[in-house]
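Visitor: Could you show me how to read a few features in a structure like this one?
Guide: Gladly; let us look together.

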Amino acid sequence: MIELIHINEYVYLKNVDIYLSEGLNVTTGETGTGKSLILDVIGSFLDYQNIRSETFSADMVVNLRIDFNELGIKKGQHVFSVERKNKRLFYKIDGRLVNREQVQNILSSLITIHKQNSHMKLLDRDFILEILDEVAGNSKILENYQKLYDEYQQVVRIIATTDKATESKKLEELKERVDEIVNANLSEDEEQELEEKYKRALNMQTLVQNYSIASQQLEEIEYALRRVYSLIEDKYHDLLDSAIESIAELNNRIGKELAKIEDINLEEVENRLWVYKKLRRKYGPTTEDVLTNLKKWSEEIRIIEKTVEILENAEKERQRLENELRDLALQISEKRKGAARKIIKAISEHLKDLNMNARIDFSFYEKTMTRNGIDEVELVGSTLSDGPLYPLRKIASGGELSRLMLALELSMVSTDVLVYDEIDAGIGGVTAVKLAQKLSELSKKHQVIVVTHLPQVALKASKHLSLRRMGDTGQVVELDEKGRMEEIERMLGGKEVIEIIGDLSNDKEK
């Protein structure tokens, strides 16, 4: 259940605490005070689009009955927070930032919101199918059907738009490209290593040439120095020996450096780099692009091969899928019809309690197969005891649709918290009393939160809240017994109206 709603800021509600109880929680207020603002805040935690402020923030203390292990949320009390800034919504659970889907997955299993004018969905045939599928438990079989339907549509589309010869030619071209790239065995790491090796090889080639020339020149210098012995006196021979030894040592060191130089086959490196350059030019501009295209074309080949295979057996495959779809669609339809009988029985009972004598049924028509099956369904009815039933879109008033929607929801109640935004629109008199009794009965097993203008509903409240506005600020007041009576008196039209009713009653008695 929802225990507390704290509105930090929303429209003219600022720093407002709203404590809710089990049972029937009723919110009332003068016309124009914005009674639905509280429900806007609850709805902001769900898939609710009626947010009336660019910036707002609120917290909601919720007591969960079950664990949500996949989200790491245990049953018990938790604080859900929402904030809107720069037209974006941010959510937290117990102060931890989470995404919207996580919050909605949890709270949608706990809270159902009946919005103003939601009774108009009764005229939406897709909504009717959703209701029937929910009651029928069709989710799994419908999921299988829709997967098969998508496959069927693909086959039909291929038959209508694809030419086998064209696809085969495209397949051949793609395979040639892929084979060329695969056979080249490209790697971005290898390419980088080759480029570094190529640079080293060029540098080494120059170094070897320079060292070789230097060694040759040193040998010539040594030979020339030895010829000097016979031209000078013995006392200078020591100096000449030192010079020859230095020349010989330098030449020896150059020889060792040449021995250390890595033997790189420059031609081999150049040939391998040429393979990369050629494929980059054809399928690049970079090696990364070439490898990306390889992956993309390989996937295209897989798809085209499947397409060609389908084309070869297209008509046979289309017929097989159509037969399987037809069988599944008939199963779904039968389950929907069973659900319809179950719902109509429950709705009829609730309508009687809501002072509405009407015959209601679901009208089924078979249509061309679609992603939702073969059923075209709408609600039909009549307020006469016999005779034909007519589409509700043609005969039902807003008030009647409201009661029908309430009866439908009462027949399908599945969450702990039920929120109704002026469900009593178009309802009054004895029907309002019946509605109040229904909501009171519902609140014995569920937490019910209602925005209402009916005193009959307010009289049944477990907790009565009044929304009041003073200029640019507003407050939500929890009414005591005296305050409740004053508010209900206001809802009845004030003391003057009550006195008139009393006078009329006295005149009638006389």
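Guide: Let us begin with the term helix: here helices are DSSP runs of H or I with at least four residues, numbered from the N terminus. Keep in mind that this is a predicted model. In helix α4 (residues 139-161), Y149 and Y152 are three residues apart, so about one helical turn separates them.

Visitor: How are the rings of Y149 and Y152 arranged?
Guide: Planes under 30 degrees apart count as stacked and those over 60 as edge-to-face, with the rest tilted. The ring planes of Y149 and Y152 make 40 degrees, so this pair is tilted, and the centres are 6.3 Å apart. Both residues are buried. Ring pairs also join Y145 to them, giving a cluster of Y145, Y149 and Y152.

Visitor: How many aromatic pairs does a search of the whole structure find?
Guide: Four. A ring can also have a charge over its face: R177 lies over W297, 4.9 Å from the ring centre.

Visitor: Is S215 buried or exposed?
Guide: The cut-off for buried is under 20% relative accessible area. S215 has 16%, so S215 is buried. This residue belongs to helix α6 (residues 188-228), and beyond its neighbours within four places in sequence it contacts N251 and I254.

Visitor: Where in the protein chain is confidence lowest, and where is it highest?
Guide: Helix α16 (residues 495-509) is lowest with a mean of 50, while strand β3 (residues 24-28) is highest at 92. Over residues 503-510 the pLDDT falls below 50, and this stretch has zero contacts in the model beyond near neighbours in sequence. The chain averages 83, with 90% of the residues scoring at least 70.

Terms used. Residues are numbered from 1 along each chain as its sequence is written. This is a predicted model: local features need pLDDT of at least 70, side-chain atom pairs count only at pLDDT 80 or more; totals for chains, interfaces and linings use all residues. Side-chain values use heavy atoms; hydrogens and water are left out. Helices (H or I, at least four residues) and strands (E, at least two) are DSSP runs, numbered from the N terminus. Buried means under 20% relative accessible area, exposed over 50%, partly exposed in between (1.4 Å probe, protein chains only). Contact means heavy atoms within 4.5 Å. pLDDT is the predictor's confidence in each residue, from 0 to 100. Rings of Phe, Tyr and Trp (its six-membered ring) pair if their centres lie within 6.5 Å; planes under 30 degrees apart count as stacked, over 60 as edge-to-face and the rest as tilted. A charge sits over a ring if NZ of Lys or CZ of Arg is within 6 Å of the ring centre and within 35 degrees of the ring normal.
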